[in-house]
Amino acid sequence: MNSLTKIIKYSFYDTWRSWWALLYGLFFLVISVTLLYFSGDFNKALVSLLNIILLLVPLISTVFGVMYAYNSREFTELLLAQPLKRNNIFLGQYLGLTLSLMLSLGLGLGIAFILFAGTAEESVHLGMLTLCGALLTAIFTGLAFLVSVLFEDRVKGFGIAILIWLFAAVIYDGLLLAFLVIFNDYPLEKATIGLTLFNPIDLSRILILLRLETAALLGYTGAVFNKFFGTASGMAVSLGALLLWIIIPLVIFLRKVQHKDF
Amino acid sequence: MIEIRNIAKAFGKLQVLNGIDISLEKGKIYAFLGPNGSGKTTLIKSILGLTQPDKGEIFIQDENIKDNWRYKSRIGYMPQIARFPENLNMMELFRMTMDIRKTPANEEKYISYFNLEDARDKKLKNLSGGTKQKVNAVLAFMFNPDILIFDEPSVGLDPVSHLKLKDLIREERDKGKTILLTTHILSEVEELADEVIFLLEGKIYFKGTVQNLVQTQNERNLERAIAQLLLQSEKKTKKLNLKAA
Amino acid sequence: MTTFPQHSRNFLFTVLALVLPVLLGAATILAKTLTVSPTGKIRSVKEAVRLAQPYDTIWVNAGIYHENEITIDKPLAIIGRQQAVLDARFKKGIFSVMAENVLIAGLTLQNVEESFTKNYAAVRVRGGGHVTVRNNTILNSYYGVYLEQTDSCTVSHNLIRGNAKQESTSGNAIHLWRTDHINIVSNKVSGHRDGIYLETSSNSTITGNISQNNLRYGLHFMFSDNNSYQRNQFMRNGSGIAVMYSRNIIMTDNLFEENWGAAAYGILLKDITDGYIERNIFRQNTTGIYAEGSSRLLLKNNEFRNNGWAVRLLGSSEDLTFEQNNFIGNTFEISTSTNYSSHNTFRANYWSSYTGYDLDKDGTGDVPHKPVKLFSYLLEDIPTSVVLLRSLFIDLLELMEKVAPVLTPENVLDNEPSTRLNVWKS
């Protein structure tokens with residue numbers, strides 16, 4: 001086992017055993033069980049679940065990411081004094097935290113799903129939802145780690161990270177809408193598709209809604225979106241964009257941290 | 001053992017280290033002194049590779065440490081503040097470091113030496129500050145490294161443990177280890193240090209034995225000698241500030 | 001023209017009523033039977049038709065007959081035994097009926113030519129009347145059954161399956177033009193341009209048909225008054241159903257399902273006046289009902305389930321009454337055009353998005369329901385903003401609009417929403 005997997009193992013182990021990882025998983029378990037049990041309509045439950053996941057997964061990943069990054073500073077110093085490659089330490093910590101968050105989310109949704117096993121089609125929907133949740137986890141913990149390395153002051157860093165979340169979750173959509181209103185006279189479908197690629201929350205939302213609310217998204221120019229997001233290549237582009245949202249902040253983070261003084 | 005050549009480091013406009021040249025031998029305890037911001041910690045962190053100097057080179061056992069991490073397996077480090085992954089217990093922490101370093105360790109010896117038996121299965125976040133410091137000390141010693149670095153080791157330690165730590169440090173020196181130490185406690189310096197390195201404004205202001213220092217400053221004891229040094233440094237700083245103004 | 005006095009007119013009718021069946025019966029008794037078979041004396045239907053006397057019956061035995069352009073100019077019954085196949089091999093149409101009292105039944109008719117200039121059909125009825133087309137299988141035909149300037153015909157229990165690829169090169173499965181009193185019953189039509197098409201055709205009943213996977217509309221009519229459409233199923237048609245410029249229509253117990261696309265509607269109502277739309281199910285359509293310029297319609301006991309838009313009302317629609325319908329799980333319940341100021345009534349509908357309460361538990365919500373969402377209003381103006389569907393930002397806007405309505409029309413309101421699903425007998 002190389003040092004990277006060791007670091008992943010221990011930071012995963014460390015976070016996974018904390019009460020909040022448990023709480024996080026339990027929360028999704030309770031929410032999804034409640035929704036699936038009481039709504040009676042699988043798709044409707046999934047839409048509600050989607051809203052919750054799109055809101056909370058980025059927020060919680062951001063908060064945990066920032067807290068973890070700042071709180072483990074001293075321990076990181078201890079690790080840095082050990083014979084370890086720098087990148088492995090930080091990549092390991094990132095992956096450890098991300099994986100434990102993903103596991104909590106996955107278990108919460110997974111157990112609920114086993115209890116209310118649906119059709120094959122429904123499993124695909126839920127799988128897609130879980131995948132998007134996992135990707136969002138990776139994206140927003142990555143952004144949080146990046147913020148922690150860019151801002152020494154943890155209060156400032158925390159604020160900035162929350163702002164990033166707020167921007168992606170709400171403000172971006174407001175600006176997008178303003179943009180659409182202002183340039184209403186121009187054909188904007190393609191531009192809009194492009195713009196959604198720049199917001200991982202929007203992108204995840206559309207990817208899942210295309211499965212759950214096909215009817216509505218097919219309306220109007222929706223067909224254009226469906227032609228893009230609904231095809232295999234559009235799907236690949238979207239997932240690729242989400243992966244870039246993980247990779248780019250992470251690469252910047254690792255480069256910054258490589259030359260950072262502790 | 002440790003060769004430091006013309007190290008310089010600035011944080012923004014602040015020149016923290018400004019051309020440091022020293023060579024540290026084995027079998028000696030070096031105490032790094034100096035006012036806050038004089039560059040002690042930065043120097044130590046440079047040796048550990050936590051901070052990367054802008055200029056100069058550091059050799060450990062003739063090996064340049066730049067872009068190198070393997071040399072750290074020969075160093076034991078006890079930082080000033082002890083913070084660990086909250087949800088691991090002490091033994092897991094030790095096992096993890098052993099896992100990372102892959103060198104033989106005799107942690108049991110130090111666990112009993114510092115009376116840490118009761119802490120074995122406790123989560124690290126539930127340990128007191130002093131106990132955490134002892135855990136830190138065990139981490140530094142357990143791999144029997146050639147170089148030991150202590151950053152304010154006495155902080156938070158109870159008197160008995162402090163005494164035990166000092167004994168251990170001497171013992172290790174006698175085994176031929178190179179030991180680096182920063183501290184504010186002058187009795188510690190007097191008791192332990194073979195050589196004192198006084199840093200000021202990122203430069204070595206004095207380097208020599210305790211006796212040497214006392215003599216050069218024409219004082220009766222180390223405390224007064226240090227005070228004298230500090231006084232001089234303050235004057236110098238003021239002058240510098242005036243010049244700058 | 002001489003006019004009979006009243007009593008003698010009655011007498012004449014009585015005599016006719018007594019004598020006519022006897023005459024017809026005599027004709028039936030006198031009628032003979034001809035059999036077409038690949039190895040027999042008569043080897044083609046065309047030949048049999050030529051030989052037949054009025055009111056004869058032609059039986060077609062099993063076999064593949066390469067025939068086209070069979071003109072029927074006298075009352076005849078042409079009945080296929082099992083596996084009797086008439087194949088035009090993509091040269092023109094098959095039957096051309098110009099007489100009254102014709103029956104075409106039990107045949108497989110296939111491979112009618114596509115044409116831009118001629119409306120070739122498997123069965124084409126022009127003029128005449130009382131023609132019955134029953135139990136046939138019509139495959140790969142440009143037009144399936146084409147009725148033109150005729151009346152009192154029945155098209156029932158046929159399977160009409162096309163292979164249309166493009167709207168411009170395909171015809172309709174059942175096509176009516178200038179007809180009166182036609183029954184279209186229990187046919188299964190698919191793969192054509194339109195499934196069932198009516199133009200200036202009145203007094204028809206369209207009952208129990210299944211029309212699916214047609215390129216354009218499952219059902220398409222215009223300028224066709226006094227027709228009733230009951231217990232039909234329209235599924236997965238390219239643009240759903242479009243009905244236009246007609247009066248007095250009755251649509252009950254139909255199913256409109258999975259008509260998906262930017263311009264696909266469960267039903268598109270354009271300039272439809274006076275009618276009943278009751279007990280229909282609209283399920284998973286992009287838009288359930290789209291009403292434009294329509295008025296005086298009663299929409300009652302319909303179920304709208306999981307549609308993108310359950311109902312879209314354009315400003316020009318007036319006096320529509322939505323009563324005791326169930327709106328379940330639709331992304332948008334009612335959406336109106338931005339210039340909407342019409343008066344339509346919503347009463348006692350069940351809305352699954354209703355957030356009010358019913359303190360006295362009488363099944364009627366104590367607060368009115370507003371089925372128009374701000375976002376749907378926004379979408380009418382800025383279609384592209386559909387990408388923001390279910391985003392937090394839109395939810396926040398929606399909340400604000402709920403607290404202090406600014407944009408959504410005040411008069412689209414169900415004042416007594418049902419808190420329980422409405423039930424009815426079908």
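These notebook entries record what I looked up in a predicted model.

**Conventions.** I number residues from 1 along each chain as its sequence is written, letter chains from A and number ligands from 1 in the order in which they are written. Because the model is predicted, local features need pLDDT of at least 70 and side-chain atom pairs count only at pLDDT 80 or more, while totals for chains, interfaces and linings use all residues.

**Chain A.** I looked up the secondary structure and found 12 helices and zero strands in chain A; helices (H or I, at least four residues) and strands (E, at least two) are DSSP runs, numbered from the N terminus. I then checked the radius of gyration of chain A, which is 19 Å, close to the 18 Å of the globule rule for 262 residues, so chain A is as compact as a globular protein of that length. The radius is taken over C-alpha atoms, and the rule is 2.2 Å times the number of residues to the power 0.38. The C-alpha trace of chain A spans about 60 × 45 × 30 Å along its principal axes. I noted that 48% of the 262 residues in chain A are buried (20 or more other C-beta atoms within 10 Å of the residue's own, with C-beta atoms placed from the backbone). Of the contacts in chain A between residues at least 6 apart in sequence, 80% join residues at least 24 apart; a contact requires C-beta atoms, placed from the backbone, within 7 Å.

**Chain B.** I recorded eight helices and 10 strands in chain B. Its radius of gyration is 19 Å, close to the 18 Å that the globule rule gives for 245 residues, so chain B is as compact as a globular protein of that length. Along the principal axes, the C-alpha atoms of chain B fill a box of roughly 60 × 40 × 35 Å. Buried residues account for 43% of the 245 residues in chain B. Among contacts in chain B between residues at least 6 apart in sequence, I found that 69% join residues at least 24 apart.

**L299(C).** I located L299(C) in strand β30 (residues 295-300) of chain C. L299(C) counts as buried because it has 26 C-beta neighbours inside 10 Å. Leaving out residues up to four places away in sequence, L299(C) touches I277(C), L320(C), T321(C), F322(C) and N325(C). I also noted N280(C), which is 19 residues from L299(C) in sequence and 9.2 Å from it in space, C-alpha to C-alpha.

Technical notes
A residue is buried if 20 or more other C-beta atoms lie within 10 Å of its own, exposed if 12 or fewer, and partly exposed in between; C-beta atoms are placed from the backbone. Two residues are in contact if their C-beta atoms, placed from the backbone, lie within 7 Å.
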